[in-house]
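The following note sets out numbered points on the domain arrangement and on one strand. Please read it alongside the structure.

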Amino acid sequence: MSPQEPHEPKAVATVMLKGGTTKSTITANTAEALGRAGYDVLTVDTDPNGHLTANLGYSDLYYDGDIDLGDIILSEGNAAPSDAIQSTNLGFDLLPASVALESVETRLKNEMQPSLCLKQRLVDPLLGDRYDYILMDTHSSRNALVNNAVVAAPNLLLPLIPEQGINSGLSRTQERIINPLKQKIDLKILAMVPNKLSQRIDHKNEDRRLIERICRSDSLSEYLPQFAHVKPETFDAIDADERRGSLPKPGLRKDSDLNDSFKQNKTLGAFNPENTQLEAFDELAEIVVQGEVSQ
Ligand SMILES: Nc1ncnc2c1ncn2[C@@H]1O[C@H](COP(=O)(O)OP(=O)(O)OP(=O)(O)O)[C@@H](O)[C@H]1O
Ligand SMILES: [Mg+2]
């Protein structure tokens, strides 16, 4: 991948209506991978909880920033995006969340076009001009800012983790966000991103249920990156005991580096440039650039 290749600038939202599904982790590390490939990248923390902002070491701005996203996207404010954007040493810029985002959500309702504010006042002026890619982190419940983020960034990354309730999280995301907005805008799922896998898939456990369900579904498997893909016949071979010693390990794996990197306000590449899972994030970056999973 190289920034010299022709590419279409894109705004991407990481969305899943379930907490703790690694939205912020996927956003930050995909942004880092795009930066590593030479692109100009902005991340936007639209989650009023500000976990991405805190995890990247900008808690001071969350509580005390002069200018926040509301000042940029609400018509009552008159700030320019550049007034709030921070350049980080992680290879991408950050527009941090602030403690006032809860009230921004309420105030969005007074706007003439409440779902279009992020698009019109942030993404349209910057995308393709200042930035090649804009990646938005979102809150885990549907709210006005999630709607704004998806309308502004209609290319979606959907993180999934092997936990009970993930199927309902995915269904909620499809029913409450993807299906209604698909009627109105050109919405595209770029990839589903299984993360935090740790178990052997020759046992019937949450990891296997998650991966097998997607891999055996014609409508879902097209969204799985190579690093998460297992051929349906491989599951059959595993069950026939023909794959002993060569079990696939799909997905982003549960990884103490990934956990610790956020605790130290870093992305994975900054925390441990040797970590082999960086390749998975490089593949996600490639999917963002190409606009789809390569089959
Ligand atoms: N592969 C991994 N292995 C181990 N820990 C991980 C991995 N990926 C993410 N984590 C950790 O899981 C936790 C949840 O991740 P993250 O904060 O990205 O989720 P989220 O969906 O953004 O959560 P929220 O809904 O609270 O915003 C974090 O502590 C993160 O460091
Ligand atoms: Mg988060």
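1. The domain assignment, which is of automatic or database origin, gives domain 1 (10-196 + 255-283) and domain 2 (203-251). Taken over C-alpha atoms, the centres of domain 1 and domain 2 are 29 Å apart.

2. The model is a predicted one: local features need pLDDT of at least 70, side-chain atom pairs count only at pLDDT 80 or more, and totals for chains, interfaces and linings use all residues. Residues are numbered from 1 along each chain as its sequence is written, while chains are lettered from A and ligands numbered from 1 in the order in which they are written.

3. Between the domains, 13 residues of domain 1 are in contact with 14 residues of domain 2 (contact: C-beta atoms, placed from the backbone, within 7 Å). On the side of domain 1 that touches domain 2, strand S7 (188-194) and helix H14 (278-290) each supply at least two residues; helices (H or I, at least four residues) and strands (E, at least two) are DSSP runs, numbered from the N terminus. S7 gives the largest share of that side, 5 residues.

4. Strand S5 (residues 133-137) is mostly covered, with 5 of its 5 residues buried (20 or more other C-beta atoms within 10 Å of the residue's own, all placed from the backbone). Tyr-133, Leu-135 and Asp-137 lie on one side of S5, and Ile-134 and Met-136 on the other. In a regular strand, side chains alternate between the two faces of the sheet.

5. S5 runs parallel to strand S1 (residues 10-14), joined by 5 bridges; pairing requires at least two DSSP bridges between two strands. Ala-11 has Ile-134 in S5 as its bridge partner. Strand S2 (residues 41-45) also pairs with S5 in the parallel sense, over 5 bridges, and Val-41 stands opposite Tyr-133.

Technical notes: Two residues are in contact if their C-beta atoms, placed from the backbone, lie within 7 Å. A residue is buried if 20 or more other C-beta atoms lie within 10 Å of its own, exposed if 12 or fewer, and partly exposed in between; C-beta atoms are placed from the backbone.
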